[in-house]
Amino acid sequence: MGEIRFGIDDLAALRFAVSPLWETIAALRASADPGRHALHLPWIKQALTIDRDRTDLLAHLPGLDALAPPPRCPLAEIEEELAALTEPPGLAGLLLAWWRAGVRPHWPRIRAVLEADLAYRTRQLAEDGIQEVFAHLHPSLRWTEDRLSWTGPPVGRIALDGGGITLAPSAFTSRCVLISGRDGVPPCLVYPARGIGTLWERRAEPGDGLARLLGRSRAGLLSRTSTPTTTTGLAGQTGLSLGAVSQHLAVLRDAGLVTGHRYRREVYYRASELGLALLERTP
């Protein structure tokens, strides 16, 4: 069992983050146990062909969760996170090599799923409050009065000190994991992201009718906004430049087919009701 006690200041300081470093570690764990991560088999088959970068890290796998620093900001780069990982010597280099070989080629797709989860949770927080957010993060979590408890590896009771906690969705984990706070950085609770069942699906290209109506690039972008995503995510998925994606999204937004909302430094785009209806009805 684990239990975290919240004060008023901790609730006010709740934040969300995406952690490339944690995803790199969780992806390694998934590749080492394919039977428990069947959803990721299309990716695991590729990952198992990566020899040295992966196998050199496997010896460190049991202790990686404890060594990983908690995320420091919502949209950190992996190099920033690795800078806080100083022990044991050489581990940061091994993780960076594995990230580049096994995770970075798929990062736009993974990040789109994580960002969609963040958009959902922040909207839920604004509309329904923190209790509903915790109630729907994972079945193992229980929110009672001022405490969050969960079943899993024992971590004891933790009292936050007013600095709050970070919540980080993960595409590769199937359970909740607590990363202890350190050096003034609050602890982080990693939880399974929504929508990972679609992560490795091949996306169907929009029909000819929609492509003739909007143009193939705009039709392709619209088809990828059924869940919230950013310009960066769409550029990574389509191969279009950031400038081209921004221009096409502006046209789609002016036509009422997508909407955008800002979360910190990013704007998340999602198909409007009209856009979704158009996707469903156009062959």
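These exercises work through helix packing, cores and strand pairing in a predicted model.

**Exercise 1. Describe how helix H11 and helix H13 pack, and name the residues in contact.**

Step 1. Locate the helices. H11 spans residues 216–223 and H13 spans residues 242–254.

Step 2. Take the geometry. Two packed helices are described by the angle between their axes and the distance between the axes. Here the axes come within 10 Å and cross at roughly 80°.

Step 3. Classify the angle. Angles of 65 to 115 degrees count as roughly perpendicular. H11 and H13 are therefore roughly perpendicular to each other.

Step 4. List the contact. H11 contributes Ser217, Arg218, Leu221 and Leu222. From H13 come Val245, His248, Val251 and Leu252.

Step 5. Sort by class. The contact of H11 with H13 has five nonpolar, two polar and one charged residues.

**Exercise 2. Decide whether Gln124 is buried or exposed, and find what it touches.**

Step 1. Gln124 lies in helix H8, residues 107–128.

Step 2. Apply the cut-off. Buried means under 20% relative accessible area. Gln124 has 7%, so it is buried.

Step 3. Find the partners. Leaving out residues up to four places away in sequence, Gln124 touches Gly129, Glu132, Val133 and His136.

Step 4. Check one pair. Gln124 and His136 are twelve residues apart in sequence. Their C-alpha atoms are 9.8 Å apart in space.

**Exercise 3. Identify the buried residues of helix H12 and what they pack against.**

Step 1. Read the helix, residues 231–238. Thr231, Gly233, Leu234 and Ala235 are buried.

Step 2. Trace the packing. The buried residues of H12 pack against H8, H11, H13 and strand E10 (266–271).

Step 3. Look past the end. Gly239 follows H12 and has a positive phi, near 85°.

**Exercise 4. Describe the largest nonpolar core and a second, separate core.**

Step 1. Recall the background. In soluble globular proteins, nonpolar side chains tend to be buried together.

Step 2. Size the largest core. It has 62 residues. Those with the most contacts inside it are Trp43, Trp98, Ile110, Phe134, Leu167 and Phe172.

Step 3. Find the main contributor. Helix H2 (residues 20–32) supplies the largest share, seven residues.

Step 4. Follow Trp98. Beyond four places in sequence, its contacts include Thr24, Ala27, Leu28 and Ser31. Trp43, Asp53, Arg54 and Val103 are also among the residues Trp98 touches.

Step 5. Turn to the second core. This separate core has 14 residues, including Leu214, Ala219, Leu222 and Leu252. Leu222 of H11 and Leu252 of H13 also take part in the contact of Exercise 1.

**Exercise 5. Work out the pairing of strand E4 with E1 and E3.**

Step 1. Start with E1. Strand E1 (residues 2–5) pairs with E4 (residues 147–150) in the antiparallel sense, over four bridges. Glu3 stands opposite Ser149.

Step 2. Strand E3 (residues 141–144) runs antiparallel to E4, joined by four bridges. Thr144 has Arg147 as its bridge partner.

Step 3. Inspect the turn. E3 and E4 form a hairpin with two residues between them. Glu145 in the turn has a positive phi of about 55°.

**Exercise 6. Find the edge strands of the open sheet of four strands.**

Step 1. Write the order. It is E2-E6-E8-E7, with mixed pairing.

Step 2. Read off the edges. E2 (15–16) and E7 (177–179) each have a single partner strand, so one side of each is left without a neighbour in the sheet.

Step 3. Examine one pair. E2 and E6 (residues 166–170) pair in the parallel sense over two bridges. Arg15 stands opposite Thr166.

Step 4. H2 lies across E6, E7 and E8 (188–192), running at about 45° to E6.

Conventions:
Residues numbered from 1 in each chain as written. Predicted model: local features only at pLDDT ≥ 70, side-chain atom pairs only at ≥ 80, totals over all residues. Heavy atoms only, no water. Axes fitted to C-alpha atoms, helices over the stretch in contact; angles between N-to-C directions. Parallel < 35°, antiparallel > 145°, perpendicular 65-115°, else oblique. Contact = heavy atoms within 4.5 Å. Nonpolar A, V, L, I, M, F, W, Y, C, P; charged D, E, K, R; others polar. Buried < 20%, exposed > 50% of the residue type's maximum accessible area, 1.4 Å probe, protein only. Core = buried A, V, L, I, M, F, W, Y, C linked by side-chain atoms within 4.5 Å. Pairing = 2+ DSSP bridges.
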